[in-house]
Structures are given as structure tokens and as C-alpha cells.
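Student: Let's go through this one together. I'll ask, you answer.

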Amino acid sequence: MKIHLVSGGCGFVGRNMVKRLLKTTNDKVFVVDDLSIGRHPKEWLDNYTSKPLKDLEVIGEDERLYFWKGDFRNFLFYQRENPRYVQEKYGLDFDHFNDVFHFAAIVGGRMKIDGDPMMVGLDLSIDAEFFYWITRHKPDRVLYPSSSAAYPTSLQNVEGALALKESDIDFNGNLGTPDMTYGWTKLTGEFLAQIAAKHYGISIVCIRPFSGYGEDQETSYPVPAIALRAAKKENPFEVWGSGKQGRDFVHIDDILDFIEILMDQVHDGSAYNIGSGKLTTFLELIDVFTSFAGYKPTIKPLLDKPVGVQSRYGDPTLVKEKFGWTPKISLEEGMRRVYEAALKKL
């Protein structure tokens, strides 16, 4: 029996990964999430049914999904005390987790990154426990989601904005300063991933997603928030900062597609961009959504709101040349999906 582990499996990326695994494999999936940010599986799974197995939920008629509610660090600690904690407590017959997807993290958009940086810094403790665990547990393959926030902020300002390429982070050279504590935790995670691969023989790959979005993303993130306000035909239309700051938007389906490719082909802990390579400002994003809604509002800048770096977009050259990968979903198609989802919420 193959069984995959998804930490933070009820958050935006995590739950989409879980649904992808259930759809494309016949394997079992073990999800850990404390629901501080994520949503319970009953909110995002079709034909949801469950039954208890002690403090574990066994979900679905085929009983392929297990949900363990709690802090991922506790889950790892219990296995540090007893490496066969899961097998013995729940009577599950498996040797080790096969693929491990580590999405557990304290996140929450720009307001959380800038507003409570020390809470975000707790990601260091989550990742430290995680990397120690994989060197003992020895899963078949591991995904570590880093972030475009790991790139030096000096490359993302008004004067020096450029397409960020993988080599802009060089652990043997000048790393630069990443974006707040969130960027530092992800940069540290990438370093630990390389150590896990080199010194412990772990098959692991890191991804640096840019601004991922999708139909079921929380409105604490800008894309669904802007879509919902456009669906309501807000006028004047509020935008954080001037709205001239830009990001590289990539749909969640494209992110998951490339994760599959990377886990098959990369094993040494190296990191790769996932983005479109195109810079879109928030003013342009508002234009896209309000054009769907059929109106043109007055823009109201909120200059007291946190905006992060001025410009963040990736250079897609390496992933295109090495893996032949480019996003399939255009900005207009992806944003229309998000807009239609926002209309359903009204």
C-alpha cells in the first residue's frame, strides 16, 4: 500500500494537492492540518463522508484519505518518540510514507508577513522538525515549497526590478536579503533541503512559486479579494498602495502540473521557479476583473496598507529549457475562473 503525507493539506495549495493525488492515483493520502488557516475537508471534498478511527478521521467511501487534526510539529514529535507511532496507534499497515508534500506553514498574505513577522518566523521551528524527521523516516520523495520571497529584495525594487532567475540565490556566494521573516524561513528551508539530499540521501526538490492563485483561494490573498470586489461592482475601487506594484501570477493547476514533473526528475534539493515570467500590476489586475464585470470604477489608492516589494516576477528560461514546461492557463482564462467563482459567492 502506498501512502502519501501532505502537511498543511487543508490550506489552499495543500488541498489542491490532495485532490490531485486522489484523482490521479489509487494511493492513500494522510493529511495533517491544525485548521488555523486551512478548511476542513468537508468544505472542499465532493461526496464527503467520514468515520472516526480514534482521533483520526477516515474520509470517503473508499477510505483513501486520513485526516489528523493538530500541529504538524506534534505529529512529528510523536514519531520522534516512537517511529512507528502512526502504524501502532491507528493499526495502519505500511512501512513508510512514500511521497511527502510539506505545505504546513504560517502564512496569510501581506498583512500577516508585515504585520506579525515573528509569528511567521515560527515556520523555522516547523521546518527544523520536518527536515530532521525526513532524514530519519526516509520517504521515497519529498517536496519542499520555498517561495519567490526567498529572492533578494534588492532585485525587486523600482530601480532594479528584473526577472528573477534561479541562480540569483547562490548559497556559495552573496545571498542578499530575502523578504521579511517569511523569505528567510524559505531560504533556510532550501539550504536544509540541499543538506538532506547531500548528507542523508533524501530525494527532494524545492519549488519557488510566484503569486499562485485559484478559484478556492482565501480572500486574505489579493486575487480572490479583488475578484470579489469586482463582482460586487465596488466603486470607488480600493487598491493597496498605488497599485503599480507588480507580480507574476500563476494558476494552481499549473503549479501542480510542474510539481509532478519536478518530483520525477529532481532529487538533489535544488529549487526551480514556477511562474509565467510576466509582470502584471494590481491596477492591470483590477482592469481585468472589472472588464469581466462590465464597468470601469474610480481607483482609490490605500497608501497606508502594506504592499511588499515593487516588482516580483520570474525568469522562466531554465525551467523551459530543462523541463520543457510553461504554464498552460493564461492570465485571462485563470482570472475568469476566479471571477466566476466569486460570482457564485454573492
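Student: Is Asp62 buried, partly exposed or exposed?

Tutor: Asp62 has 48% relative accessibility, so it counts as partly exposed. The classes are buried (under 20% relative accessible area), exposed (over 50%) and partly exposed in between, with a 1.4 Å probe and protein chains only.

Student: What are these values based on?

Tutor: This is a predicted model, where local features need pLDDT of at least 70 and side-chain atom pairs count only at pLDDT 80 or more, while totals for chains, interfaces and linings use all residues. Residues are numbered from 1 along each chain as its sequence is written, and side-chain values use heavy atoms, with hydrogens and water left out.

Student: Which side chain does Asp62 meet in a salt bridge?

Tutor: That of Arg64, at 3.7 Å from N to O. A salt bridge here is a side-chain nitrogen of Lys or Arg within 4 Å of a carboxyl oxygen of Asp or Glu. Arg64 is at 12% relative accessibility, so it counts as buried.

Student: How many salt bridges in the whole structure?

Tutor: The search finds 21. One of them joins Asp168 and Lys165, with the closest N and O atoms 3.5 Å apart. Asp168 counts as buried at 16%, and Lys165 as partly exposed at 38%.

Student: Which residues are linked in a network?

Tutor: Arg15, Arg39, Glu43, Asp216 and Glu218 are linked by salt bridges. Within it, Glu43 and Arg39 pair with their closest N and O atoms 3.6 Å apart. Glu43 is exposed, at 52%, whereas Arg39 is partly exposed, at 23%.

Student: New topic, helix H12. What does it span?

Tutor: H12 covers residues 331–345, which is 15 residues, and reaches 21 Å from first to last C-alpha, close to the 21 Å expected. The expected span is 1.5 Å times one less than the number of residues. Helices (H or I, at least four residues) and strands (E, at least two) are DSSP runs, numbered from the N terminus.

Student: Which of its residues are buried?

Tutor: Gly334, Met335, Val338, Tyr339, Ala341 and Ala342. Seen down the axis of H12, these fall within an arc of 160°, so they line one face of the helix. The arc is that of the directions from the helix axis to the C-beta atoms.

Student: And on the other side, what is exposed?

Tutor: Glu332 and Lys344 are exposed there.

Student: What covers the buried residues of H12?

Tutor: The cover includes strand S9 (211–213), helix H8 (222–231), strand S12 (249–251) and helix H10 (282–293). Contact means heavy atoms within 4.5 Å.

Student: How many aromatic pairs are there?

Tutor: The structure holds 23. Tyr272 and Phe323 have ring centres 5.1 Å apart and planes at 90°, so that pair is edge-to-face. Rings of Phe, Tyr and Trp (its six-membered ring) pair if their centres lie within 6.5 Å; planes under 30 degrees apart are stacked, over 60 edge-to-face, the rest tilted.

Student: Where do Tyr272 and Phe323 lie?

Tutor: Tyr272 is in strand S13 (residues 268–274) and Phe323 in helix H11 (residues 317–323), so the pair ties together parts 51 residues apart in sequence. Both Tyr272 and Phe323 are buried.

Student: Last one, Phe171. Where is its place?

Tutor: Phe171 is in the loop between strand S7 (141–145) and helix H7 (180–200). Leaving aside neighbours within four places in sequence, Phe171 is in contact with Leu187, Glu190, Phe191 and Gln194. At 23% relative accessibility, Phe171 counts as partly exposed.
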